[in-house]
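Please look over the sequence and the structure shown here, and then read the report beside them.

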Amino acid sequence: MDKTDSTRNVLATRGQAPKGIVDPQAAARRIRLATYPPASALAPFVEYFWVVEWDRRGRAPETQRVLPYPNAHLVFDAGRTAIHGVVRGAFDRPLVGAGKVLGVRFAPGGLRQFIGQPLSSFTDTTIAADALLDMPARDAEALVLQQADDTAMVAQAQALLLARRPQADDAALLAARLTAAAAAHNGPASVAQLCEKMAIGERRLQRLFANYVGVPPKWVIQRYRLQEAIWRLAQPDAPDLASLAHELGFFDQAHFSRSFAELVGSTPLDYRRSQLPKSV
């Protein structure tokens, strides 16, 4: 990793948090979050490496909520290193004491090429990372987490993956393109629209997502739309709810509000209010 790559971290150091972080203002006070791009040889498989660090010593524990995307992760976490499948609901991480975790966010379809099973076989759960890493996960965990800084941790994790790098898979690359199309601004609002846009049959699309992504295309489309809504509502210039619902392709504001509340745990209006600057 060159100097440019090693310093390309985001968000916590800039006072922002990425899409998927619930309550980004509070998150910036709880954790340090940095992301790092992969080497070019891993770019077809890995979107980025991420590091989360926190120190709650002497303070009450807190919980950080994350709303995942359709990405599997390899997470190096002391005593809990594993491969995490796509999580369909909110993921809550208790922050107790001090800690540091490194994760590998695989591109949609990217992990499937490293392992011998469909991604849908471990959606909402974890599987052992030993086979992927070609060593006991606890040994790989020690190699990564004992490094002195983010750059060294990422370099060690990257070396482990490069040693196991598979040949590129055309079906995996197609899964990545389809997922990107679902994520596009003003992208398809339904599976039928995605099929039409990408000239693919629905049955083939469903099979491809089960094997390479881990969740159905309908879930992916809705998740991207809701992630965008969460992000937009946390910004100072957030649009009104009716406009946002229409822009993101929801049937009406009521449909948008129901879907939002089911995922986030609060209505869009309450969430937007919670993100307004607090008066002193």
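The report below turns to a sheet, the helices on it, and a pair of helices.

This is a predicted model, in which local features need pLDDT of at least 70 and side-chain atom pairs count only at pLDDT 80 or more, while totals for chains, interfaces and linings use all residues. Residues are numbered from 1 along each chain as its sequence is written, and side-chain values use heavy atoms, with hydrogens and water left out.

An open sheet of 6 strands runs in the order E1-E2-E7-E4-E5-E8 with antiparallel pairing, where strands (E, at least two residues) and helices (H or I, at least four) are DSSP runs numbered from the N terminus, and two strands pair if DSSP finds at least two bridges between them. Strands E1 (31-36) and E8 (126-127) stand at the edges with a single partner strand each, so one side of each is left without a neighbour in the sheet. Strand E5 pairs with E8 over 2 bridges in the antiparallel sense, and His84 stands opposite Thr126 in E8.

| Helix | Strands | Angle |
|---|---|---|
| H4 (residues 137-145) | lies across E4 (73-76) and E7 (98-106) | about 75° to E4 |
| H5 (residues 150-162) | touches E1, E2 (46-55), E4 and E7 | about 40° with E7 |

Elsewhere, helix H9 (residues 217-233) packs against helix H11 (residues 253-264) at about 85°, with their axes 11 Å apart, which makes H9 roughly perpendicular to H11, a label given to angles of 65 to 115 degrees. Among the residues making this contact are Leu226 and Ile230 of H9 and Phe256 and Phe260 of H11.

Methods:
Contact = heavy atoms within 4.5 Å. Axes fitted to C-alpha atoms, helices over the stretch in contact; angles between N-to-C directions. Parallel < 35°, antiparallel > 145°, perpendicular 65-115°, else oblique.
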